[in-house]
Structures are given as C-alpha cells and as structure tokens.
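Q: Can we go through how the chains of this model sit against each other? I'd like the cut-offs as we go.

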Amino acid sequence: MNAAAKPSKLIKGATGDWEIVIGMEIHAQVTSQSKLFSGASTEFGGDPNDHVSLVDAAMPGMLPVINEECIKQAVRTGLGLKAQINLRSTFDRKNYFYPDLPQGYQISQFKSPIVGEGVVIVDVTPTEQITVGVERLHLEQDAGKSLHDQSPTDSFVDLNRSGVALMEIVSKPDMHSADEAKAYVSKLRTILRYLGTCDGNMEQGSLRADVNVSVRRPGEPLGTRCEIKNVNSIRFIGQAIEVEARRQIGIIEDGGKIDQETRLFDPGRGETRSMRSKEEAHDYRYFPDPDLLPLEFDQTFVDDLARGLPELPDEKKARFMRDYGLPAYDAGVLVMERASADFYEEIAKGRDAKAAANWVINELFGRLNKEGLDITASPVSAAQLGAIVDLIGEGTISGKIAKDLFEIVWMERGADPRALVEERGMKQVTDTGAIEAAVDEIIAANPDKVEQAKAKPTMLGWFVGQVMKQTGGKANPQSVNDLLKRKLGI
Amino acid sequence: MSVDQATVRRIAHLARIAVSDEEVPHLQNELNAMLAFVEELSAVDVEGVEPMTSVIPMKMVWRKDAVTDHAGASTVVGNAPVSEDHFFTVPKVVE
Amino acid sequence: MTDVTRLTLAEARDALQSKKLSATELTQAHLSAIEKARALNAYIVETPDQALAMAKASDEKLAKGQGGPLEGIPLGIKDLYATKGVHTQSCSHILDGFKPAYESTVTSQLWRDGAVMLGKLNMDEFAMGSSNETSYYGPVASPWLPKGRDGAWARQQLAGDKKGLLVPGGSSGGSAAAVAAHLCLGATASDTGGSIRQPAAFTGTVGIKPTYGRCSRWGMVAFASSLDQAGPIARTVRDCAIMLRSMAGHDPKDATSIDAPVPNYEESLGRSIKGKKIGIPKEYRVEGMSAEIEKLWSDGIAFLKAAGAEIVDISLPHTKTALPAYYIVAPAEASSNLARYDGVRYGLRVPGKDISDMYEKTRRAGFGSEVRRRIMIGTYVLSAGYYDAYYVRAQKIRTLIKRDFELAYAQGIDAILTPATPSAAFGIGEKGSADPVEMYLNDVFTVTVNMAGLPGIAVPAGLSADGLPLGLQLIGRPFDEETLFSIAGVIEEAAGRTVLPQAWW
Ligand SMILES: [Mg+2]
Ligand SMILES: [Zn+2]
C-alpha cells in the first residue's frame with residue numbers, strides 16, 4: 001500500500017507536506033440473543049451484574065460453549081466484506097489482568113481468525129471512491145464495564161457486557177484522511193446493518209473504533225503509529241484523526257520522535273492523551289483455549305449462509321442506477337440504509353423513478369432529518385408518498401401544491417392524499433377559461449407592467465406569480481405561461 | 001535456557017504475584033531447576049509435527065442462540081469479598 | 001451386620017436394595033468413622049446434616065423400590081468439585097469462604113442416582129501435587145503405616161506434624177485415604193497427571209481416569225483444562241465401574257465432553273480376557289527401577305497370561321518426553337486458568353494500595369508455594385519469545401506421544417500394562433522440599449496417559465518389601481474403559497484383594 005499519495009490528501013506542516021496513514025480496528029457487537037460463550041442475555045442496559053451468567057463471572061469450574069448464531073453472523077459479515085471464510089479457525093486466550101476481565105483472559109482469535117482478507121468500497125464523496133482492504137475479522141468476548149466516578153476510592157465493576165460477542169474487523173492502513181476514515185466506518189456500518197449482524201449503534205457502544213494514526217512525508221516509509229482507543233462516534237473519529245495527526249506532525253517538525261502508544265481522544269478538550277494505564281509492557285501470552293476445540297464447518301454451511309444474504313449496498317446502488325436511471329449520488333444516498341432503499345423502491349416501482357428519488361431524498365429525508373426521525377418512523381408512508389408522486393404525474397396537482405399536500409399528510413398521519421386533494425380543492429386548474437379570466441384580470445389591472453413586459457420579457461415571471469396567487473396556486477403553470485405569452489405578445 | 005533475577009520479577013509481575021527480595025534467589029533456583037528438567041525436549045525432533053489442539057478428535061458442540069442463563073445479580077456478587085449495590089468494587093483504577 | 005463400613009460399594013448397594021440395611025444406618029456408620037478419623041485429615045469439611053437428609057430421602061425411595069443405581073451410597077467428594085452451598089476451595093486459601101451457587105455435573109449425576117454426600121475431601125492445592133502436602137488444610141496421613149511402626153507411635157505423629165507417617169499420594173490424597181480407611185464407600189477424584197492412579201496405588205485402592213471427554217469438567221475447579229478428567233477411587237474394580245457409570249456422560253455445558261452413550265461398566269467385570277493382546281512397553285522399564293516394581297510388573301504379566309491374554313512387547317518411543325512436556329503444558333494452562341483468582345468476585349482479598357498491589361498481595365497470600373511456582377513457570381513458557389520453544393514444542397511432542405499409542409493400538413493391542421508408580425508411598429515431608437522435580441517423578445508412568453487423553457486404571461497388585469501396597473496400571477483405547485475394567489478385574493482377582501489397614505487412628 002505504498003501508492004503515491006494524492007496531493008489533495010496531504011496536509012501542510014511548517015516544514016512541508018505530510019501524509020496521514022490510518023488503519024482501523026472496529027469492534028462490532030454481534031447481533032444475538034445470548035452471549036458468545038454463555039446463555040446470558042445481551043440486552044443493553046439492565047441492573048448491574050444482572051445479565052451475567054456464572055460463566056461470564058468466571059466462577060470456578062465454569063466452561064465456555066459457543067453460540068452458533070455468533071458463528072453464522074461472523075460468516076455472514078465475512079461474506080458481506082467479500083472476504084476469505086476460514087473453514088477452520090481457533091480460539092486463543094489473551095491473558096491480562098483487569099477488573100472488568102473476570103477470567104483474567106479474553107477469549108479471542110489471535111492465530112487463525114474465522115474470516116481473512118476482504119474489501120470495503122468506500123464513497124468518500126459522491127464522486128470519489130476508495131478501496132479499503134480488510135485484514136481479518138475475528139470473534140471475541142467483550143469485557144465488562146468499570147465505573148470510575150462512583151466513589152473517590154473505588155471503581156465499580158459491572159459484568160453485563162462481559163462475554164457479549166464482538167467481531168473485531170481490522171482494516172489495512174489504506175486511509176489517508178479523516179474524511180476517508182469517517183466514510184469507511186460509515187460504509188462498514190451500512191454493510192453490517194444490511195446484513196443484520198450488528199446494529200451499528202455507536203452511542204450504546206455496539207460499534208467502537210480503535211484508530212491507528214501515523215504520519216509520513218509523501219513517499220517515505222510508514223511512521224510510528226499511535227492507537228486511539230474506543231472512539232465512539234463518526235464525528236469524533238474525524239476529529240481525533242485531525243488532532244492526532246497535527247500533534248504528531250508538530251512533534252516531528254520540532255525534531256521529536258513519536259512514541260508508539262495507546263491514546264484516548266478527549267472530545268471536550270479536542271485533544272488526544274496518553275493512556276498510561278494501558279502502557280504497561282504487554283505480554284498477552286496468547287495460547288489456544290484448551291476449553292474449546294477448533295471451530296470447524298464445511299463449505300455447504302458457508303454456501304447456505306451466502307444464499308440467505310440480502311442484496312448489499314454496492315449491488316443495490318448499481319441496480320438503482322441501472323434499473324431506475326438514477327445518478328450515482330442519488331443511488332448512493334438511497335442505499336445508505338436498507339430501510340430507505342426499500343422505502344424508495346416501493347415508491348419507484350411503476351412510477352417516475354427519478355421523481356420518486358427527488359421526493360424521497362429532498363422532501364422526505366430533509367423533513368426526517370429536521371425532526372431527527374428514522375425512516376422506519378416516518379409519518380408519511382411509502383404508499384402515501386407514492387400517491388403524491390402519482391398526483392403530480394397525472395397533473396392533478398402542481399409541484400408546489402404537492403409540497404403543501406406532503407405537509408398535510410405528514411401532520412395528519414394516515415390521511416389519503418388523493419382524498420385530501422379532493423376534499424380541500426387542491427386540484428390543479430387546467431380549465432383554460434378560468435385561467436384566461438384570471439390572466440385578463442391581471443393584465444387589465446396592470447397596464448404599466450404590461451408596457452414594461454413588452455420591453456423586458458423576463459417580467460413574465462411577475463405575471464405568472466400574480467396569476468398563481470389569484471388561482472390559489474392551482475393553475476397549471478404551463479397553461480398560464482402560454483396564455484400570458486400570447487396575450488402580452490412576447 | 002535459564003532465568004535471571006530480573007526475569008523472575010518480571011514473570012511474577014505478569015502473573016500478579018508479589019515477591020519479596022529475599023524470595024527471588026530461591027524462586028530463581030526453582031524455576032531454573034524446572035527449566036533444566038524440560039531442557040531435554042529441545043533435542044526431540046518435531047519437524048513437521050502439528051501441535052496438539054484437541055486430544056480426542058471430536059467436533060465442537062455449538063449452542064443454540066437463546067437466553068438460558070440468568071444467575072441474578074445477588075448470586076453473581078454473592079461470594080464477593082466486597083460489593084456495593086450489586087457492583088463488584090476494586091481499588092480505583094486510573095485510566 | 002457388624003461394621004457396615006467394611007462393605008464394598010457393590011455389597012452395600014445390594015444390602016440396601018434388599019433392605020438388609022438402611023441408608024441412614026450406613027451413612028451414620030460412615031459419619032461416626034469420619035469423626036473418629038479426623039486426625040488423618042482426609043475430610044476437610046463434614047456435611048452430616050446433609051448426609052443424613054439425603055440418606056433419609058434414599059430410604060424413602062428404597063422403600064418404594066424407586067432407588068437409583070447409587071441409592072443410599074455414602075461418598076466423599078474431592079474439594080475441587082463444586083457442591084452447591086458447600087465449601088468448595090480446591091484446598092486453596094485463595095478461594096477462602098467460597099460456596100458455589102451451583103453443583104458440578106459429575107456430583108449432580110451422583111446425587112441424581114441416589115448417592116449421599118458425606119463431606120469434602122482433602123487434596124493438593126488446585127490438584128497440584130503428588131503427596132497431598134500442598135493442601136492449604138495440611139497433609140493427609142495414609143492409613144498405611146511405615147514398616148515397623150505401630151498405632152501408638154502413629155497416633156503421636158498424627159497429633160504432631162505427621163512427619164514420618166506416609167503420604168496417601170496426590171492430588172486426590174483425601175479421596176484415596178478416605179476410601180482406604182473406610183471413611184466412605186467411594187470417592188470422587190480427578191486426574192491431570194496421575195492424581196487418581198498414583199494415590200490409588202499408594203493406598204491399595206482402585207482408581208480410574210477415564211478417557212478425556214468421558215466425564216464433564218463443568219463445575220470442577222480447573223487445573224489444566226486439556227488434561228483434567230474426573231474419575232472415582234474405590235476399594236474394588238467393580239465399585240469403580242459402578243461409580244464411573246454415574247459420573248460419566250455427555251454434558252452440553254462442556255464443549256470437550258463426548259456425546260456417546262455410557263455403557264454399564266459393571267457388566268464388563270468377569271468378561272473373559274482370553275485372546276486380548278496386552279502391550280508391554282519397553283520404555284517403562286526405566287533406569288534404576290526397583291526390583292519390587294519389576295516383580296510386580298512380571299506378576300501382572302503372569303496373571304494376564306494365565307487368564308489367556310496374549311502378551312506383546314511394544315514400544316512407545318516418546319515416553320520419556322511426556323513428563324517434561326507435561327511440566328510445560330500443565331503449568332501453562334494453569335497459569336491462565338488460575339488468573340481468575342484475583343480477589344474481586346470471590347475468595348480471599350488482601351487490600352492493596354492500588355489494583356495491581358491488591359492483585360499481587362492477594363495472589364501471594366492466597367496461593368501456596370507449589371501453585372505459585374507452577375503459575376510462574378507457566379507464565380514464563382507462554383511469554384513472548386519463549387512460547388514456540390516451550391509451549392508449541394510441548395504440544396507437538398504431545399502429538400508424538402499420542403501417535404505412539406495409536407500405532408500400538410493399530411497393531412491390535414487392546415490394553416497396555418505398566419507399573420502405576422515407580423515406588424511405594426513415601427513419608428510425609430520426605431520429598432520435593434529441595435528440588436520440586438523430585439516430586440514430579442512420581443507421575444512418570446501415569447502422565448503419558450493424560451498427555452494422550454487415554455483411559456488408565458490403577459489396580460492394587462501386591463505389596464512392597466515394606467508391606468506397602470503397589471499398583472499396576474492398565475492403559476486403554478480411547479473410550480474403551482470396559483476392557484480396562486475386565487482386565488483390572490482379572491488382576492484384582494489374581495492378586496487377591498489388598499487387605500486394608502485396621503483403624504489405628
Ligand atoms: Mg485490538
Ligand atoms: Zn479486540
């Protein structure tokens with residue numbers, strides 16, 4: 001991965017240009033009812049130490065037994081990342097002492113992971129795509145949670161998360177800007193959600209990123225990297241990378257050296273700081289977990305899971321462009337969430353697909369964003385929005401009226417748009433007689449403007465506006481235009 | 001191979017076992033006696049031999065994904081030397 | 001009936017079934033015997049109330065003719081088995097006060113079949129030892145006396161530091177001593193490198209380590225997960241067969257437990273062994289082997305020949321690598337398995353100035369010296385830079401050890417006969433204080449079996465010049481415990497059942 005750095009990605013230091021190199025380890029919580037090696041619930045929240053089995057609490061003599069759904073989810077994810085699925089993998093123990101690690105080791109896959117190399121196609125902007133390599137994906141246990149602010153002398157330990165299945169997805173160092181890194185996480189999250197293998201909820205910690213950042217002069221070998229642990233929002237990932245890169249450049253330009261270390265991003269202060277507690281010399285003493293046999297399955301198992309996979313965002317985007325004639329940007333926006341794509345398709349089928357896309361992206365998404373609502377909670381259903389698109393298409397209402405109609409449908413949930421148009425007299429006036437009367441009236445009342453319009457045809461717009469006002473917006477704009485041009489002789 | 005006293009201390013710390021200065025030479029001797037005992041293994045030809053992963057060939061059993069285990073917080077912390085409000089407590093950890 | 005504690009488990013079972021004896025009577029007799037034998041230190045916890053309640057329930061079942069295969073049989077339980085609400089510490093201080101909220105699979109199956117729990121038995125701390133001297137609760141005295149010593153002398157030693165009395169072997173020393181001293185009809189034990197077979201051999205009792213995966217490890221305090229197996233110690237081969245049938249079986253809570261039906265092992269007793277091929281591995285004829293062990297072994301060969309078995313010389317070339325490889329694999333796994341004892345969720349906690357200090361002080365105070373030593377060596381062999389040279393190499397050697405056995409079995413060998421131990425029992429305080437390796441050599445004949453996951457049984461076959469019991473070991477094919485019971489039964493019958501010591505304590 002030593003392709004020539006793109007000039008646009010370089011950042012300026014005091015002594016010249018610098019390239020950032022970013023790799024990421026994403027911990028994605030596997031969607032499952034119970035934990036990776038115990039029958040305790042994975043439900044978020046709960047009273048302290050309530051979603052804990054005796055296995056999770058590492059009681060003497062307790063043993064791990066693997067959850068088949070977690071295996072399937074990892075394989076599905078691997079397939080979604082177009083990655084190598086390893087028919088044989090092993091679980092290793094990563095040994096270290098920490099109060100939220102009850103066994104004194106984390107069961108992980110160090111030597112042979114369940115999933116090998118794959119790729120993620122990332123849209124950095126509507127027009128710029130990069131390919132980020134996936135190094136591996138492995139299954140491992142989550143740790144518990146320590147609360148440090150409950151008492152001046154003690155930390156409080158809650159093991160509810162202990163043993164929840166995680167997929168650690170390790171990227172190659174293929175990203176070179178905060179935007180690329182943000183887009184990568186965002187795309188990965190989209191894929192995981194499509195697959196239903198992780199809910200991607202960053203606030204609840206279902207998706208966490210460890211970001212490895214280093215800087216180098218363009219063309220030079222990789223610099224020393226720092227790992228920023230557990231960044232929990234896409235925005236913070238971007239900020240953390242920016243400040244960390246700046247910090248490293250500053251040190252090197254001042255003649256200093258970067259220490260390889262683990263750092264923490266403090267969003268409040270907008271800086272990263274060293275995590276001293278994690279800096280002790282690590283020696284994890286990995287070895288195969290003797291309580292677990294190798295994880296083995298056959299290609300049929302993988303093939304069956306592959307057949308059950310949904311259409312993934314890249315394929316869906318291509319299909320939207322091909323079948324609905326959408327531009328890449330629109331298709332990209334629509335496929336970001338599987339629910340949005342489904343919503344869109346329900347409208348687009350048998351209608352003007354481009355118009356449908358405009359309505360979904362501009363009106364619906366805009367409005368949902370404003371209200372902070374998810375597509376699944378949209379007050380306007382696909383059927384309703386489809387009806388609105390139909391009404392415009394038939395010429396029953398104008399685009400402008402349609403917006404008012406959308407607003408009414410939004411507010412009055414469940415209303416039938418077609419009936420509303422009928423009841424509230426929102427129908428477009430195509431009756432030329434009625435439009436002509438209005439045109440005549442305006443022309444008669446504004447002789448000065450008529451004179452001006454003859455000299456300056458752009459004045460036509462003013463007349464159109466007046467006519468529309470007069471007709472309550474219901475006049476067919478094309479008819480108004482034609483009539484005005486004829487009567488004004490322009 | 002044999003261990004020096006610094007290694008004894010490093011290993012003791014990795015294993016989180018306190019060792020006093022007086023204990024170190026003694027431990028060093030014991031560990032070196034054990035290492036000398038296993039030294040003969042370095043002469044065994046293991047070329048091309050797979051390390052054992054499961055002593056009895058069998059397929060690992062997979063569990064169905066269901067919530068089958070709920071010990072209850074009071075049971076989980078029931079044997080704890082110290083606990084508060086169903087949390088385990090430990091000397092404050094600084095991150 | 002005079003002294004019901006002299007019955008074998010099978011005899012007691014038959015007496016209970018035919019209502020010649022009540023479970024309460026049988027249990028009470030054992031409780032009294034235990035009380036009188038406290039100085040031996042075989043039991044560290046007695047559970048008389050629970051025992052009598054279980055016996056009463058058994059009597060009710062027996063009266064209705066609904067008794068299980070072990071209905072009313074009083075047993076001792078090694079302290080490494082989790083017993084719900086009852087002291088479970090693997091005889092370590094670090095589990096100070098631990099009372100689990102769960103019952104191990106093996107013990108729950110014994111209770112399911114009607115057995116009665118008398119109490120928890122002493123053992124080496126975390127099953128690490130071959131003499132029961134590493135227990136936090138102190139050593140166990142064997143009911144066997146050293147040559148020329150009488151009961152009066154022995155009682156004096158018992159009251160003191162027990163020096164000069166004999167060890168019962170380990171780590172299941174409490175189990176072996178309790179069975180030999182008639183303090184239970186049988187006991188659970190566990191075997192990681194010889195911890196069932198060596199104490200059985202030292203005390204004139206029978207012990208079987210079944211194939212790895214035969215019994216569930218769930219609820220057994222782990223020492224070395226890839227080697228640990230549960231098994232019984234009892235006074236006869238038949239009694240072991242009866243107990244193992246209840247202890248064995250698939251457990252979905254243990255991923256290394258085999259899903260295969262459990263045979264009625266008792267039925268294999270008395271089966272002819274005519275034509276069975278018995279392998280005699282030349283590598284077990286170790287340098288400096290004592291004449292009495294040589295003789296024991298050739299006696300065993302003669303017994304089997306006389307019963308129609310065919311004796312075949314075989315070679316297991318990697319035998320001598322097993323013990324050193326074991327002292328890499330077992331401590332490595334133990335160092336990780338014992339990391340959970342950190343003073344946070346259960347057991348001992350020694351306060352410290354910070355978390356690391358708390359861990360270090362707790363683990364220093366909670367683990368005995370043998371356990372600390374093994375954790376240290378295990379940590380070392382797994383640490384960066386040494387992992388391949390030690391751990392990976394040892395696991396490769398395990399593959400070779402197992403292959404040796406596979407080749408022998410592929411030749412048609414049905415079982416392998418070896419001595420169980422290199423010597424008879426030694427004195428308390430006599431071994432291992434200067435050099436830990438001296439103690440480890442006790443397991444030289446048994447440890448290969450754990451490394452290969454095979455079943456092995458120790459059966460008494462004679463006495464040493466000093467009048468102490470000596471045992472032979474039979475090693476079987478994977479999951480073929482039945483053949484071991486058949487052949488062990490032949491040896492038991494030919495050698496004559498060992499006459500256990502009369503109570504001097
Ligand atoms: Mg990581
Ligand atoms: Zn991880």
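**Chain contacts**

A: In this predicted model, 29 residues of chain A are in contact with 34 residues of chain C, contact meaning heavy atoms within 4.5 Å. Local features need pLDDT of at least 70 and side-chain atom pairs count only at pLDDT 80 or more, whereas totals for chains, interfaces and linings use all residues. Residues are numbered from 1 along each chain as its sequence is written, chains are lettered from A and ligands numbered from 1 in the order in which they are written, and side-chain values use heavy atoms, with hydrogens and water left out.

Q: How much area do chain A and chain C bury between them?
A: About 2700 Å², with 61% of it on carbon and sulfur atoms; buried area is the accessible area (1.4 Å probe) that two parts lose on being put together, summed over both.

Q: Which residue of chain C forms a salt bridge with A:Asp291?
A: The partner is C:Arg217, and the closest N and O atoms of the pair are 3.1 Å apart. The count between chain A and chain C is 1 salt bridge, defined as a side-chain nitrogen of Lys or Arg within 4 Å of a carboxyl oxygen of Asp or Glu.

Q: Which elements of chain A give two or more residues to that side?
A: They are β5 (92–95) and β16 (287–288) of chain A, where strands (E, at least two residues) and helices (H or I, at least four) are DSSP runs numbered from the N terminus.

Q: And what order do the strands take in that open sheet?
A: The order is β6-β5-β16 in chain A, 3 strands with antiparallel pairing; two strands pair if DSSP finds at least two bridges between them. The edge strands are β6 (105–108) and β16 of chain A, each pairing on one side only. Between β5(A) and β16(A) there are 2 bridges, and A:Arg93 has A:Phe287 in β16(A) as its bridge partner.

Q: Switching to chain B, how many residues does the contact with chain C take?
A: It takes 49 residues from chain B and 70 residues from chain C, and the two chains bury about 5000 Å² between them, 73% of it on carbon and sulfur atoms. On the chain B side, B:Met34, B:Phe37 and B:Met52 lose the most area to chain C, together 13% of what that side buries.

Q: How many salt bridges cross there?
A: The rule finds 3 across the interface of chain B and chain C; C:Arg372 and B:Glu23 meet in a salt bridge at 3.5 Å, N to O.
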